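Welcome to a short tour of this structure. Keep your viewer open and select residues as we go.

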Amino acid sequence: MSAMRRDIGVAALGEARLWLGTPYRHQASLRGVGCDCLGLLRGVWRGLYGVEPEVPPPYSGTWAESAAPGTDPLTEAAARHLVPVPGSLADLAPRAGDVLLFAFRRHLPSRHCAIATGDGAMIHAHDGAVVAEVALTGWWRRHMTGVFRFPDVPSGRRGVAESDLRPGRGAHRDCRVDGEQVDLGAPPWRR
């Protein structure tokens, strides 16, 4: 594992831990004020890169059940912006900072996400509670539908990024990091 990959995972976990204790609020993404599982993931992304790659559309608490047949909006968004981890989910040991996706019924799309701690636990937000670190039990593992990693940040670059990472921009991603133009090239999963 490269030092950069390890660093981004550790940084993602550090960002996620800052959200511990944040109350659950559907569609929110404000640390200490409120978030849902996607809001937690969005907040971690902002902590790592400065701005979100796209604005999520409004969604209901039951959006996964009403997704168009054959679609999986959460997994599709993850594939646009994160790096998929290959291999069998049954044999996978998630690393610190990995993004975990879950479906609560086999025939439905993914509808929950969390950040792995790398030691058999995860950080997530769920209705009726606060953002918490919980064991990644067998129940969660059976419902896991995907594992992704945050993309690497250009060498030596961290900080506020003014980026345009919207889908449809083409094969590259333009970004301003600390006021300097940076071309991140093709997304890592397309290289």
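Buried means under 20% relative accessible area, exposed over 50%, and partly exposed in between (1.4 Å probe, protein chains only).

Helices (H or I, at least four residues) and strands (E, at least two) are DSSP runs, numbered from the N terminus.

Before going further, note that this is a predicted model: local features need pLDDT of at least 70, side-chain atom pairs count only at pLDDT 80 or more, and totals for chains, interfaces and linings use all residues. Residues are numbered from 1 along each chain as its sequence is written, and side-chain values use heavy atoms, with hydrogens and water left out.

Next, select valine 99. Which residues does valine 99 touch, not counting those up to four places away in sequence? They are Leu41, Leu82, Ala114, Ile115, Gly146, Val147, Phe148 and Phe150, where contact means heavy atoms within 4.5 Å.

Move on to leucine 92, in the loop between strand 3 (83-84) and strand 4. Leucine 92 counts as buried because its relative accessibility is 15%. Leaving aside neighbours within four places in sequence, leucine 92 is in contact with Val85, Arg141 and Val147. The C-alpha atoms of leucine 92 and valine 147 are 8.8 Å apart, although 55 residues separate them along the chain.

Two polar stops follow. Histidine 81, in helix 3, is buried at 8% relative accessible area, and its side chain makes a 2.5 Å polar contact with that of glutamate 54. A polar contact is a pair of N or O atoms within 3.5 Å; within protein, one must be able to donate a hydrogen and the other to accept it, and residues adjacent in sequence count only if both atoms are side-chain atoms. Serine 110, in the loop between strand 4 and strand 5, is buried at 1%; a 3.1 Å polar contact joins its side chain to that of threonine 75.

Finally, colour by pLDDT, the predictor's confidence in each residue, from 0 to 100. The protein averages 80, and 74% of the residues score at least 70. Over residues 155-191 the pLDDT is below 50. Where pLDDT is low, the predicted coordinates should not be read in detail.
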